[in-house]
Amino acid sequence: MSGNGKKRDSFILQAGILAAAGFISRIIGLLYISPVTRIIGPVGLGYYQTAYNYYAIVLMISSYSIPSAISKVIAQKLSLREYRNAHRVFICAMYYVLGVGLVASLLLFFGAGYLATESAVPVLRVLAPTIFIYGILGVLRGYFQAHKSMVQTSFSQILEQIVNAAVSIGAAYGFIVWFTGSYEESRTAADQTGRAVYGAMGSALGTGAGVLAALLFMGGIYALNRPMIQRRIQRDRTRQVDSYREISVMILQVVLPFIMSTAIYNLSSSLNNKLYSDIMIKFRHVAEDLAMGDYGVFNGEAMKISNIPIAFSSAMAAAIIPTVSQLVARRQLADARDKMSQAVKTIMLISIPSAVGLFALAKPVTWLLFPDENTIELASRILMALAVSVIFYALSTLSNSILQGIGRVNTPIVNAAIALLIQTAVLVPLLLFTDLGIYAVVIATILYSGLMCVLNQMSLHKALGYRQEAMNTFIVPFIASGFMGAIAWVLYETLLMLTGSIVISAVPAILAAVVVYFALVILFRAVTEEELRAMPKGHLLVKVAKKCRLLR
């Protein structure tokens, strides 16, 4: 324990800023998916998701882990007040992503035909240049995150999604009209497939436009801060100045394990997509439009909704890396364990009720975001099943970053590989010998997230003797969430019978769920006043709690 409470918990406030941006970004992402789906159809969405999965793999291998890896290295230098060396790390990282990003983009563009199905190849080629742009953006984000400032990254994420949404909708419609000569649907199967492909290509263009807009914003912010950065470098009296060769080796030693860990951790989605499409279409002889339509609902609707609450865990993971890295560099292991405990408790207070809420109100939540009568039943059933994975992914995402922050960068790689092998061994026979179809992928997703959660927690205990307090972190939030879910479901069903409107019934039920859970976790003493104040807008939460006589 060090410093006062406000200073000690500042990383939670930074995580809250980043989480708010992540939440807004994901909501924007969900809102624009609905009009895009109406334009390109579930089949077009399936082509886009298929191409995006391969794009995501290459992005992870080349650039995706850059912000976390760079923030770790620079944070260690900043903790020792080595400002000149910190900026040298930034310069080396920029050269690294320029080279790797260019190669990765070219390989993806020219190798698209070897990866994706024929109809998804043009979509993948539209996505390819985005990898080069994202690498540069990642270095800029990591630089500011190392300074424990998440505001710049937060604004860039929101801007990225706004531009992505606008361009995706406009380009999806424009590509269909441009390449087919009309927006009207054709009766022939070949023309319908072409229409879906062109629409997916337009949507893919939005992804690149969003990343480019975020890069221009972050570049502008860096330019504004450059005079201050230079002044600090000039005042640096560090005797040992690391050579660019030494820094390059250091970056590779950190970045490569980060890349491998992130790539394998996120490989399950792409691998599951590949296995599902190949087995269902080639071996089970399911029509391609049906198979890809179901996958579009799973990955383009249900998974996107279940990923919303994980935004806070992702933000916490980004915020805790520089904090834990600095504490470990100073050999303050007790403080590091304290930060870990705070972080886990905070994300569980959010993830557990989110999971229960998605399970209890799966259909109305899905309808609010994807009001499609043709897919609502499938999407809501998948979402109910995926609800438990919210908790698993939240924990495993955070524990991955903690392990990397304390220097155990290879451990997440091993854990992810083990989990991936086991889930694949379960998924293949389910697809081949059962009629579960897309639900087999759902089962594999839950299994993978659960295995990652358990394996990472075991690794943390072994590395630091870390053991999370259980009562107020897990048990009480589960009890409070159970009451919350039951009340929300009863209220929703009652209002639905009275009004017949899903929207009118869902909104009050969701608001009631938030109020009930907030009241119960405080009444059950799962959260102290100090912990409540440490959260974003904590002073306002404490004021509300005291006014409602929940706190004395």
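Residues are numbered from 1 along each chain as its sequence is written. Because the model is predicted, local features need pLDDT of at least 70 and side-chain atom pairs count only at pLDDT 80 or more, while totals for chains, interfaces and linings use all residues, and side-chain values use heavy atoms, with hydrogens and water left out.

The structure contains 7 salt bridges (a side-chain nitrogen of Lys or Arg within 4 Å of a carboxyl oxygen of Asp or Glu). One of these joins the side chains of Arg 141 and Glu 160, with an N to O distance of 2.9 Å. Since Arg 141 belongs to helix α5 (residues 121-146) and Glu 160 to helix α6 (residues 151-180), the pair ties together parts that are 19 residues apart in sequence; helices here are DSSP runs of H or I with at least four residues, numbered from the N terminus. Both Arg 141 and Glu 160 are buried (under 20% relative accessible area, with exposed being over 50% and partly exposed in between, for a 1.4 Å probe and protein chains only).

A salt bridge also links Lys 363 with Glu 377, their closest N and O atoms lying 2.7 Å apart. Lys 363 is in helix α12 (residues 362-369) and Glu 377 in helix α13 (residues 376-405), so this pair ties together parts 14 residues apart in sequence. Glu 377 meets the side chain of Arg 381 as well, at 3.9 Å from N to O, and these two residues, 4 apart in helix α13, are separated by about one helical turn. Lys 363 is partly exposed at 35% relative accessible area, as are Glu 377 at 37% and Arg 381 at 43%.

Elsewhere, a network of salt bridges links Lys 274, Asp 278 and Lys 282.
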